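Please open the model in your viewer and keep the selection tool at hand. We will go from stop to stop, and at each one you will hear what to select and what is there.

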Amino acid sequence: MHVDNIIKGVIKSNKRHLAKAITLVESKSLSKREDADKLLNSILPYTGNSIRLGISGVPGVGKSTFIESFGKFLTSIGKKVAVLAVDPSSKISGGSILGDKTRMQELAKDHAAFIRPSPSDESLGGVARKTRESMLICESAGYDIIIVETVGVGQSEIEVASMVDCFTLLQLPGAGDELQGIKKGIMEISDIILINKAEGENIHKAQLAKSQIENALHILKARDDNWMVKVLLVSALNNEGVERFWEVLLHFITHMKNGNFFRLKRKKQSVDWMWKLLDEELMRIFKSDERIKEMLVSTEEEVRAGHINPASAAKTLLDVFLKKK
Ligand SMILES: Nc1nc2c(ncn2[C@@H]2O[C@H](COP(=O)(O)OP(=O)(O)O)[C@@H](O)[C@H]2O)c(=O)[nH]1
Ligand SMILES: [Mg+2]
């Protein structure tokens with residue numbers, strides 16, 4: 001299919017074209033990349049109008065179940081929802097725990113929903129880039145809410161937090177988790193915290209977790225945007241707390257827009273992204289330079305052996321790269 005047709009289809013919100021457009025930006029071929037860039041430039045005027053929501057948490061906490069429940073709620077009130085996954089594990093497992101569609105079967109059947117699993121065979125950096133681009137494509141196709149699901153292990157949630165308007169963390173009821181969250185610095189980047197599986201005999205534990213987390217949040221330093229992080233109890237399985245989450249999410253967005261933080265955050269994210277791409281590309285060019293390739297192994301070895309200090313090794317490599325030597 002010609003890229004111009006794909007563009008037209010995406011803007012008309014045709015799901016088949018949307019899927020093709022995402023496949024295009026996911027492609028590794030350089031010739032496809034030109035088409036992908038053309039597509040991204042063409043759709044740019046149609047982007048920026050949705051709510052970008054990140055959902056994170058440890059495997060098994062109930063992210064997919066929650067997204068399905070929340071997604072169905074959203075379509076029931078007339079919203080269009082797109083779900084994308086950032087799943088660094090898909091590279092290893094070949095299949096994706098996040099893209100596990102069996103958990104979103106209902107939502108997948110919904111005409112107003114679009115679900116796309118994480119591209120497999122990719123580094124985290126690659127997945128993050130593709131997810132950002134896919135997010136923009138879904139926006140231009142008129143999706144009101146874009147949900148990015150990521151597994152709560154290490155760097156992937158930082159990546160996702162830096163591409164969304166609202167970062168929501170799912171926690172399990174019970175002690176320990178909340179403290180772990182603080183240690184890893186996830187609390188600092190979370191705008192809303194949901195304690196999932198808060199039903200039946202879990203309720204008491206969930207309430208305890210809620211107050212522990214709230215106490216922990218008080219200790220964190222005040223945020224630049226003055227938002228007070230909300231902690232809610234939900235049961236994704238029983239569709240409980242989903243509507244309340246929507247209210248809080250809207251409240252958060254309004255808060256951010258009123259204080260002019262919303263635009264600032266997105267602008268900062270765009271500029272940060274540009275720098276990130278520049279960093280990556282410069283590094284790629286550096287490492288693929290013939291003379292650098294020749295020197296790299298031996299230079300590393302000399303640094304390791306303590307024969308040259310790291311600073312002068314770096315300087316020599318740069319000088320060679322910049323053809324000063
Ligand atoms: N009891 C209970 N189980 C849940 C709830 N949400 C999810 N689960 C279960 O927890 C397991 C993991 O859910 P899943 O959505 O795949 O978690 P993910 O790995 O975070 O995406 C599944 O067996 C779900 O049925 C909930 O609110 N209550
Ligand atoms: Mg999942």
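A crossing of two helices is left-handed if the near helix is turned anticlockwise from the far one by less than a right angle, and right-handed if clockwise. Helices (H or I, at least four residues) and strands (E, at least two) are DSSP runs, numbered from the N terminus.

Before we start, a word on the model: it is predicted, so local features need pLDDT of at least 70 and side-chain atom pairs count only at pLDDT 80 or more, while totals for chains, interfaces and linings use all residues. Residues are numbered from 1 along each chain as its sequence is written, chains are lettered from A and ligands numbered from 1 in the order in which they are written, and side-chain values use heavy atoms, with hydrogens and water left out.

**Stop 1**

Select helix H7 (residues 124-140) and helix H13 (residues 261-288): their axes come within 12 Å and cross at roughly 140°. That makes H7 oblique to H13. Angles under 35 degrees count as roughly parallel, over 145 as roughly antiparallel, 65 to 115 as roughly perpendicular and the rest as oblique. The axes are lines fitted to C-alpha atoms, for helices over the stretch in contact, and angles run from 0 to 180 degrees between N-to-C directions. The crossing of H7 and H13 is left-handed.

**Stop 2: the magnesium ion**

Which residues are the protein donors of the magnesium ion (ligand 2)? Select Ser64 (OG) and Glu149 (OE), which lie 2.1 to 2.5 Å from the ion. Ser64 belongs to helix H4 (residues 63-76) and Glu149 to strand E4 (residues 145-151), so the pair ties together parts that are 85 residues apart in sequence. Donors here are N, O and S atoms within 2.8 Å of the metal (3.2 Å for Na, K and Ca); water is not among the atoms, so sites may look incomplete. Both Ser64 and Glu149 are buried (buried means under 20% relative accessible area, exposed over 50%, partly exposed in between, with a 1.4 Å probe and protein chains only).

**Stop 3: along H4**

Eleven of its 14 residues are buried, so H4 is largely enclosed by the rest of the structure. Among the buried ones are Phe66, Ile67, Phe70, Phe73 and Leu74. Gly78, with a positive phi near 90°, follows H4.

**Stop 4**

Move on to helix H11 and colour its buried residues: Ala206, Ala209, Ile213, Ala216 and Leu217. They cover an arc of only 100° around the axis, which puts them on the same side of H11; the arc is that of the directions from the helix axis to the C-beta atoms. Turned away from that buried side is a face with the exposed residues His204, His218 and Ile219.

**Stop 5**

Select Lys197, in the loop between strand E6 (192-195) and H11. Lys197 is not a glycine, yet its phi is positive, about 65°. Next comes Asn226, in the loop between H11 and strand E7 (230-233), with a positive phi near 60°. Asn226 is exposed, at a relative accessible area of 54%.

Finally, find Lys268 in helix H13. Is Lys268 buried or exposed? At 53% relative accessibility, Lys268 counts as exposed.
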